[in-house]
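I opened the notebook for this model today.

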Amino acid sequence: MVSREELLSRDYERTRRIGRSKGREFALVLTTESLRDAHRRKWGGSGGDVAVYRAPGRITLMGEHTDYTGGLALPVALDLACFVTRSKNASGELRVVSENNGEERRWPISALPVVRPMQDWSDYIVGVAKELFRAGYAVEPANLRVQATVPVGAGLGSSAALTVATALALLDGRSMEPLELIRLCRRAENRFVGVPCGVMDPYVAVKAEAGTMLALDCRTLENRTALWPEEVAIYAVDSMVRREWGRSAYRQRVAECAAAEAALGVPSLREATLAQVATLPEELQGRARHVVTENARVQAFQAARTAAERGEICYASHASLRDDYAASCPGLDTLVELARGIEGVYGARMTGGGFGGCTVNLVDSAAAPQFEEAIREGFAKAFGVEPGVYRVAPSAGAGPQL
Ligand code: GLA
């Protein structure tokens, strides 16, 4: 096994295979220099005037839909990330271009506090700017360029990667306590974007350490990291399903949990027992049962001694998300069932908010090539769509890139 130091020194961002096109894999090389060059081509400027900030996406090994009820989660930061480059301008405006969709927005700095949500990607930028104002940080005129290698809306924490990288770019070297940064990014999404998400994604995007999984207690906001064994490959497999109503379904789950807490008279579902859950009205029982059993699965996953044990816990988590939490969909269920039938796979489950997006798969490293082929072929046959297959490496948290 490689040492922690060796893992920390690896530069995971240099080359990322980001997908396949017409059956061929293609590589996207995102070096700090190439990001600076692209920024200058768009916004002009020269020399060392372009700062580069990176924030990673995340995959949850265990503990899904537990963060907004003070629960336990075990996320990992990805080597798929969002990069925001920044240079000053003298226009009095905040200008931003997104490489991912080619769109551009400009706002006079003085107008930012009164901008209304547009229901698109730019809400994340404005939401962060507004929260910075509220926290007493001036937002200076700047040119930003956003480029993400983490697939957008796929359950891999692309929103938090964008808010955290944006916050760092707007702070541009001014320091902020990590917990304040995490809370600020969550508020930007809760208040301005309008998604009542929990703390897990910005937390791991800020605090992760390379080569490790992060055990997060969402009640105390304390964490512990543990080395992830290299011999177990982590795969994100994208069902390519994206649902418009995913957001409203997420909101509904958050509301159902709040209703269960109110009915039980507990401050959060973290304090609830299965015996109490059994007293809830029928429609809330499954939701609360998922949360209570998922918290227990996080502890079991940490205590497990073998990859096979961990894998079984993954399958149990998926069943709970599918049957009790109703957060899965046929594409995700198919991916999990296909994975179960492939040699060398320890376990699989949906990850992120659900209703589409990705599964997380734990695979024996030695069986990785066969897994990639089998899951691609199997899904294409069953669904007529080629899935996105990403082997991900636990990476470090957000920061400037030199
Ligand atoms: C989304 C949210 C997170 C978390 C997950 C589900 O990613 O942003 O806060 O609730 O869904 O575990």
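With 402 residues, what radius of gyration would a compact globule have, and what does the protein have? I looked up both. A compact globule with 402 residues would be near 21 Å, and the protein has 21 Å, so the two agree. I then took the C-alpha trace along its principal axes and got spans of about 60 × 50 × 40 Å. Buried residues account for 48% of the 402.

Confidence came next. This is a predicted model. The average pLDDT is 93, and 92% of the residues score at least 70. I flagged residues 1-27, where pLDDT stays under 50. The model has 36 contacts beyond four places in sequence for that stretch.

I counted secondary structure: twelve helices and 14 strands. I also checked contacts between residues at least 6 apart in sequence, and 70% of them join residues at least 24 apart.

Then the domains. Domain 1 covers 4-230 + 394-401, and domain 2 covers 232-392. Their centres, taken over C-alpha atoms, are 24 Å apart. The contact takes 32 residues from domain 1 and 41 residues from domain 2. On the domain 1 side, β1 (16-21), β3 (51-62) and β4 (72-88) each supply at least two residues. β4 gives the most, with seven residues. That side divides into 17 nonpolar, ten polar and five charged residues.

Last, the ligand. Which residues are around the ligand? I listed Thr-60, Glu-64, His-65, Asp-67, Tyr-68, Gly-157, Cys-197, Gly-198, Met-200, Asp-201, Gly-352 and Gly-353. By class, I noted three nonpolar, six polar and three charged residues in this shell.

Note on methods
Residues are numbered from 1 along each chain as its sequence is written. This is a predicted model: local features need pLDDT of at least 70, side-chain atom pairs count only at pLDDT 80 or more; totals for chains, interfaces and linings use all residues. pLDDT is the predictor's confidence in each residue, from 0 to 100. Two residues are in contact if their C-beta atoms, placed from the backbone, lie within 7 Å. A residue is near a molecule or strand if its C-beta atom, placed from the backbone, lies within 6 Å of it. Ala, Val, Leu, Ile, Met, Phe, Trp, Tyr, Cys and Pro count as nonpolar, Asp, Glu, Lys and Arg as charged, and the others, Gly among them, as polar. Helices (H or I, at least four residues) and strands (E, at least two) are DSSP runs, numbered from the N terminus. The radius of gyration is taken over C-alpha atoms; the globule rule is 2.2 Å times the number of residues to the power 0.38. A residue is buried if 20 or more other C-beta atoms lie within 10 Å of its own, exposed if 12 or fewer, and partly exposed in between; C-beta atoms are placed from the backbone. Domain bounds come from an automatic or database domain assignment.
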